Amino acid sequence: MESSMPSLAADLYRAGDPAAMMAEAGMTPDAWQAAVLRSTHPRQLLLCSRQSGKSTTVGALAVHCALYDPGLVLIFAPAQRQSTELFKKVSAFYRNLPGVPDPVTVTETRMELPNGSRIIALPGTEATTRGFSAPRLILVDEASRTEDALYGALQPMLATLGEAGRMVCLTTPWGKRGWFYEQWAHGGDKWERTRITANECPRIPREWLADQRKLVGDFLFRQEYLCEFVDTEEQLFATELIERAVRPAGGPLWA
């Protein structure tokens with residue numbers, strides 16, 4: 001890799017534009033992907049359909065952060081298998097990017113670069129956050145399915161960094177419950193929100209979507225492809241009625 005190192009000008013351009021870096025790796029970003037990559041907001045929620053490209057987007061973001069904002073990048077998901085899958089996308093993106101130095105260390109769940117950056121994939125439990133501090137970037141995959149305790153445990157890790165520490169959470173919905181739904185619906189302006197349905201993804205054929213709606217049923221289709229927080233059919237009372245009964249007037253259930 002080192003023999004094809006980019007020029008200083010090209011490297012500076014790449015450093016200033018993560019979307020351009022994604023294109024260099026052979027993946028032209030959609031408009032929403034470019035917007036997410038170029039955002040400077042320290043907290044982002046990505047509510048995106050299956051196969052919309054959300055994992056590829058944050059994979060590019062992880063590599064860009066590790067190269068140009070050296071430090072710790074942590075990847076969480078409900079289970080180690082899931083965080084390892086996202087880490088594979090990070091590793092593949094790094095391999096496809098021309099002119100980057102060989103990693104010092106690469107395993108199935110960890111990469112260390114010559115500049116001292118580390119990218120580590122972990123299961124999303126409160127216990128796994130212990131021992132880590134001041135990450136430059138936290139990625140939470142399948143965020144709607146991670147435990148509320150994980151969200152609480154991640155916040156102190158960013159306490160000393162302010163806007164220098166970034167947290168990006170990506171998922172499809174999983175009902176009107178849990179910390180992700182709470183922050184999406186009631187988290188206010190502390191989060192930047194991006195919602196991309198399957199209908200907005202140019203790589204998903206409309207005919208295929210029509211077939212999927214018939215195959216998986218309306219409930220799962222609305223959740224997985226239209227990114228709707230839908231109540232389960234087993235609920236006796238709608239979530240809106242329950243929230244009005246228990247939520248403090250105008251306020252979130254937790255910060």
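Two strands pair if DSSP finds at least two bridges between them. The legends below apply this to a predicted model.

**View 1. Strands E2 and E5 within the open sheet.** Strand E2 (residues 72-77) and strand E5 (residues 118-123) run parallel and are joined by 6 bridges. Leu72 stands opposite Arg118 in E5. The sheet as a whole is open and has 8 strands in the order E3-E4-E5-E2-E6-E7-E1-E8, with mixed pairing. Strand E3 (105-106) and strand E8 (192-196) are at the edges with a single partner strand each, so one side of each has no neighbour in the sheet. Helix H7 (residues 178-186) packs on the sheet and touches strand E1 (43-48), strand E6 (137-141), strand E7 (166-171) and E8. The direction of H7 makes about 105° with that of E1.

**View 2. Strand E7 and its two partners.** E7 is joined to E1 by 5 bridges, and the two run parallel. Another 5 bridges join E6 to E7, also parallel. Val168 in E7 stands opposite Gln44 and is the bridge partner of Leu139. Of the 6 residues of E7, 6 are buried, so the strand is largely enclosed by the rest of the structure. Both faces are covered, with Arg166, Val168 and Leu170 on one side and Met167, Cys169 and Thr171 on the other.

View 3. The largest nonpolar core has 36 residues; Val63, Leu67, Ile75, Phe93, Leu97, Ile119 and Leu137 have the most contacts inside it. Helix H4 (residues 54-68) supplies the largest share of this core, 8 residues. Leaving aside residues up to four places away in sequence, Val63 touches Met21, Val90, Phe93, Tyr94 and Leu97. A second, separate core of 25 residues includes Leu72, Leu74, Cys169 and Tyr181. In H4, 13 of the 15 residues are buried, so this helix is largely enclosed by the rest of the structure. The end C-alpha atoms of H4 are 21 Å apart, which agrees with the 21 Å that 15 residues should span at 1.5 Å a residue.

**View 4. Helix H5 and its packing.** Helix H5 (residues 80-96) has 17 residues and reaches 24 Å from its first C-alpha to its last, close to the 24 Å expected at 1.5 Å a residue. Its buried residues are Gln82, Ser83, Thr84, Leu86, Phe87, Val90, Ser91, Phe93 and Tyr94. These pack against helix H2 (18-24), H4, E2, strand E4 (110-112), E5 and E6.

View 5. Ser52 lies in the loop between E1 and H4. With 1% relative accessibility, Ser52 counts as buried, the cut-off being under 20%. Not counting residues up to four places away in sequence, Ser52 touches Asp30, Trp32, Gln33, Ile196, Cys201 and Arg203.

**View 6. Aromatic pairs.** The structure holds 6 aromatic pairs. The ring centres of Tyr151 and Trp179 are 4.7 Å apart and the planes are at 10°, so this pair is stacked. Tyr151 lies in helix H6 (residues 148-154) and Trp179 in helix H7, so the pair ties together parts 28 residues apart in sequence. Both Tyr151 and Trp179 are buried. Phe221 and Tyr225 form a tilted pair, 5.3 Å centre to centre with 35° between the planes. Phe221 is buried at a relative accessible area of 4%, and Tyr225 is buried at 10%. One aromatic cluster is formed by Tyr151, Trp179, Phe180 and Trp184.

Conventions: Residues numbered from 1 in each chain as written. Predicted model: local features only at pLDDT ≥ 70, side-chain atom pairs only at ≥ 80, totals over all residues. Heavy atoms only, no water. Helix = DSSP H or I, 4+ residues; strand = E, 2+ residues; numbered from the N terminus. Contact = heavy atoms within 4.5 Å. Axes fitted to C-alpha atoms, helices over the stretch in contact; angles between N-to-C directions. Core = buried A, V, L, I, M, F, W, Y, C linked by side-chain atoms within 4.5 Å. Buried < 20%, exposed > 50% of the residue type's maximum accessible area, 1.4 Å probe, protein only. Expected span 1.5 Å × (residues − 1). Phe/Tyr/Trp six-rings, centres within 6.5 Å; stacked < 30°, edge-to-face > 60°.
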